[in-house]
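User: I am new to this structure and would like a short tour of it. Please show it first, and then I will ask about particular residues.

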Amino acid sequence: MSEFDGNLSRRLLIGGMAAASAAPVLAACGSPSSGGSPGKTAAAGTLATKPSKPVTLNILDVAGNLALTKPIIDAFKAQHPDVVSHITTTTGTAPDLAPKVQAQQQAGNVQIQLVLTGTDGLAAGIQKGLWYDLKPYYDRFFPGLMAGYNGPAASMATLAQDQGIELVTTPGGPLLEYDPAKVTSVPTTTDALLEWAKANKGKFQYAQPRNSGPGRTLLMGLPYLLGDSDPSDPTNGWSRTWAYLTELNKYTAPYPPKTSTVMTNLAQGTVHVIASTMGWYINPRALGTVPAGIKAARFDNLTWVTDAQYGVIPKGVSDDELIATMRLLAFALTPDQQAVTYDQGYFYPGPAVRNVALSQAPAASRTTLQKYGDTEFDGWISKFPAKNSLPATAQVTAFDLWDKKIGSTK
């Protein structure tokens with residue numbers, strides 16, 4: 001199942017609703033993996049390039065990535081019946097990912113062959129040692145992988161520490177999104193945002209960074225905006241950021257666990273300014289869950305915090321499942337399939353590989369981006385510097401510190 005399957009509305013992506021057919025991952029998946037306990041996998045040099053028989057792949061998405069890759073997955077299944085017999089998809093949340101996978105591994109019953117995740121779930125799994133090291137398989141399944149990535153994607157690929165294949169990338173944000181009917185002068189500096197929040201208590205909002213792309217992009221972007229001593233060290237280098245967020249916390253609306261809730265509040269007029277990214281600005285407006293007249297703004301001294309989404313493979317899958325999953329991931333990196341990831345702007349631009357232009361995207365994507373995109377975005381991408389999201393351990397630390405210093409006090 002998946003909320004993206006069949007004819008179900010894509011609006012569910014932003015609304016965060018579960019489809020009626022949604023079931024817990026363990027129930028929705030097929031037969032248990034034959035992989036046994038983690039690590040019992042054939043050596044890279046002896047692993048075949050095709051499974052001994054077509055397999056079922058159970059895919060868990062904790063990043064909304066199916067909005068971009070579901071057509072790719074469907075195309076792979078249609079074109080490679082000798083590799084996969086059936087593919088199921090389920091959705092979940094990043095905070096629940098590591099405990100779920102770890103429980104299956106400890107039981108010797110890994111039922112998830114592929115996880116689609118952002119940097120949050122990636123980081124949590126790396127920290128716990130849940131994902132396969134895929135580097136030994138690069139030559140056979142992903143020849144020229146790093147050389148094929150565009151610049152930002154190649155940089156973000158390093159965060160995976162060879163334990164995931166980057167599928168899409170975006171400069172992200174942090175941006176602000178606002179209702180021009182309610183906000184006549186949008187803040188474009190951190191000082192101005194704080195003053196606006198003071199004057200409009202409860203009307204600025206962002207979601208919990210641990211489970212929100214815009215939330216964590218704001219969190220990781222503030223050290224650059226505020227000129228902190230070390231933007232890579234949330235423990236010792238973010239004194240200005242933690243002081244700023246502590247003060248801002250006095251005036252913000254509560255922090256919901258999902259970005260979709262923030263979008264709903266903006267659409268309903270409960271809040272007037274929110275933290276956002278390019279994708280979260282374009283896609284909800286294209287889907288109609290946020291009014292088309294909502295506007296985006298950037299900070300004057302913007303530094304982009306690049307975001308990416310990855311495919312990771314839990315340790316403990318069978319050899320045949322590992323082969324099929326890597327074949328699917330390699331297929332997703334071909335230029336024709338990467339062009340699909342322009343999608344409806346959810347992760348704008350989207351493609352992680354070089355030289356995939358919007359002109360190659362499906363007609364529906366081109367039409368949507370022309371209507372709901374912002375003509376200034378590409379100029380902002382060219383003008384302002386970009387930095388990677390925090391690496392795994394530092395990112396988990398930042399989330400923990402935010403929970404302790406900010407979230408728990410609201």
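**Phe377 and the cores**

Analyst: Phe377 is in contact (heavy atoms within 4.5 Å) with Leu175, Met278, Tyr281, Ile282, Ala296 and Tyr348, leaving aside its neighbours within four places in sequence. This is a predicted model, in which local features need pLDDT of at least 70 and side-chain atom pairs count only at pLDDT 80 or more, while totals for chains, interfaces and linings use all residues. Residues are numbered from 1 along each chain as its sequence is written, and side-chain values use heavy atoms, with hydrogens and water left out.

User: Which residues have the most contacts inside the largest nonpolar core?

Analyst: They are Tyr149, Ile165, Met326 and Phe377, in a core of 60 residues. A nonpolar core is a set of buried Ala, Val, Leu, Ile, Met, Phe, Trp, Tyr and Cys residues joined through side-chain atoms within 4.5 Å; buried means under 20% relative accessible area, exposed over 50%, and partly exposed in between (1.4 Å probe, protein chains only).

User: What about a second core?

Analyst: A separate core of 35 residues includes Met220, Leu248, Ala297 and Phe399.

User: Changing topic, is Asn65 buried or exposed?

Analyst: Asn65 is buried, because its relative accessible area is 0%. Its contacts, apart from neighbours within four places in sequence, are Leu116, Leu167, Val168 and Gln309.

User: And why does Ser52 count as exposed?

Analyst: Ser52 counts as exposed because its relative accessible area is 64%.

User: Which side chain does the side chain of Ser52 make a polar contact with?

Analyst: The partner is the side chain of Asp320, at 2.4 Å. A polar contact is a pair of N or O atoms within 3.5 Å; within protein, one must be able to donate a hydrogen and the other to accept it, and residues adjacent in sequence count only if both atoms are side-chain atoms.
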